[in-house]
Amino acid sequence: MILKKTGRVFLSAVAVVAAVSCTKVDDSLGTDFIPKNKKMQYAVDNSVKVFSYVKEIDSIRTTVLGTVPFGSYTSPRFGNVTADFAAQMYPQSLPDSLFGKSVEMDSIVLSLYVSSFVGDTNVVQMGEVYEMSKRLYRDSIYYNNEDLGRFVTSGSPLKQFNFKGRGPFVVTLPQSYAQKFLTGDVSKTGMYASDTNFYKKIPGLCFKVNTTGDASPVIYTIDLNKSYATLYLRNYGKAYVHVFNFETSETSGSSNMSAYCIKRDYSLADPRYGLDVAAINDSVNEAPVTFITGNGGLNTLVRVSEESIEQVKQSIKDKGYRTLAIQSATLEVDLNFSNGETQQEMNALNNQAPARLGAYYLSAIGAPIEDYLVMYESSTKAIPFGGYIDRLKNVYRMDITSYIQRLFSGKQTDFTFELAPDESYMFMLYHTALKGSAEGGMRLSLEYTMLR
């Protein structure tokens, strides 16, 4: 009998626990103690509109860059881009006295290191090397549309050469040019006494791509920090080698410089892919397709609707709230593909897109919006800007919370910003097409708390 009673007690306890477990939790417990005029409310809002336009970047500063573009590439989406460059070199170490007493110059061989490319590397292009008549100067400012003709007076190239593949590109210059590196004066006024003296005799070289043919298959990025010139000579029959760097670092001991010229022809783009030349720099009519190109060219201008922001402000006031605090503002931008592209072509376009985009008030001078402070990104605990591409879903996502909060608070009055390559891709020639806001390709999602 005692056992039976115990069993009944146990079953009754289980029933009570089960009943309690099924009771709905009241999350509002304690809210009655919060004054009505102090209560907050969370909201997700997709009503703020953004508009997109195509903007041309006329020129960007390129002084003291370690990389230069070279080649010619025609894309049905973007038209043609052709790039030439000029560079100076300086000896890795000073040559010994007179290079010897019985010197015979053999040749000078250039090695141009390829760090990246866009296009088909299997097609041959023709290049030309010219001797510069004027040097570049560290205290001068150079841009990506520099007129290189002013540094070259001779109409004939030192050398014509073919190039293809993934590099390095090897070019042997004539003996007559190598002879200029020989000097019989090792005094303080000699050509190897200082970089100034050296550049008076060897101002540098200009590299141009010959576009007289039909082929415009690929454009390369040449890393000058890994490129060099090798001078071969003999003294009493013994071979010697001297290396000259194309060093361009700010911290280098030499004052080597480079400059380049990019020319673009958008008229060669196929209109079926969305590039309407008439739409470039049109800030009134929304562009159904916008574009991002590295090293200047085309960027996407984004304008946040001031009217939409005012409507949100009014909406929260109508609900009895005073203001809002934004937890996140995420901009999503879709890549654009036309209906006629194969999966292979779509994959190729996807791979040519920069891995990350940045947001700038003015990209030509690298002026970022508040959220995109790359110089502090690795050293602060701020919310990451993002901007990376999701190549599986063909979309870019970026956090622009601070910028949008400032628009709501009135601390920021500029409702437009540029989408351009991230600073690490700014001077490369990756490119992509984006679906414009008019086609639903740009979406701004807000999460915020309304405050009384």
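Analyst: The model is predicted, and its protein chain holds seven helices and 23 strands. Five of these strands build an open, antiparallel sheet, ordered E1-E23-E16-E20-E19, in which strand E1 (41-45) and strand E19 (386-390) are the edges, each pairing on one side only. On average, and with direction ignored, neighbouring strands in this sheet are turned by 15 degrees against each other.

The loop between E19 and E20 contains Asn394, which has a positive phi of about 55 degrees although it is not a glycine. Most residues other than glycine have a negative phi. Asn394 has a relative accessible area of 18% and therefore counts as buried, the cut-off being under 20%.

Another asparagine, Asn281, also shows a positive phi, here about 70 degrees, and sits in the loop between strand E13 (258-265) and strand E14 (289-293). Its relative accessibility is 45%, so Asn281 counts as partly exposed.

A further backbone feature concerns a peptide bond: the one from Gly167 to Pro168 is cis, with omega near 0 degrees, and Pro168 belongs to the loop between strand E8 (159-163) and strand E9 (169-173). Most peptide bonds are trans.

Technical notes:
Residues numbered from 1 in each chain as written. Predicted model: local features only at pLDDT ≥ 70, side-chain atom pairs only at ≥ 80, totals over all residues. Heavy atoms only, no water. Helix = DSSP H or I, 4+ residues; strand = E, 2+ residues; numbered from the N terminus. Pairing = 2+ DSSP bridges. Axes fitted to C-alpha atoms, helices over the stretch in contact; angles between N-to-C directions. Buried < 20%, exposed > 50% of the residue type's maximum accessible area, 1.4 Å probe, protein only.
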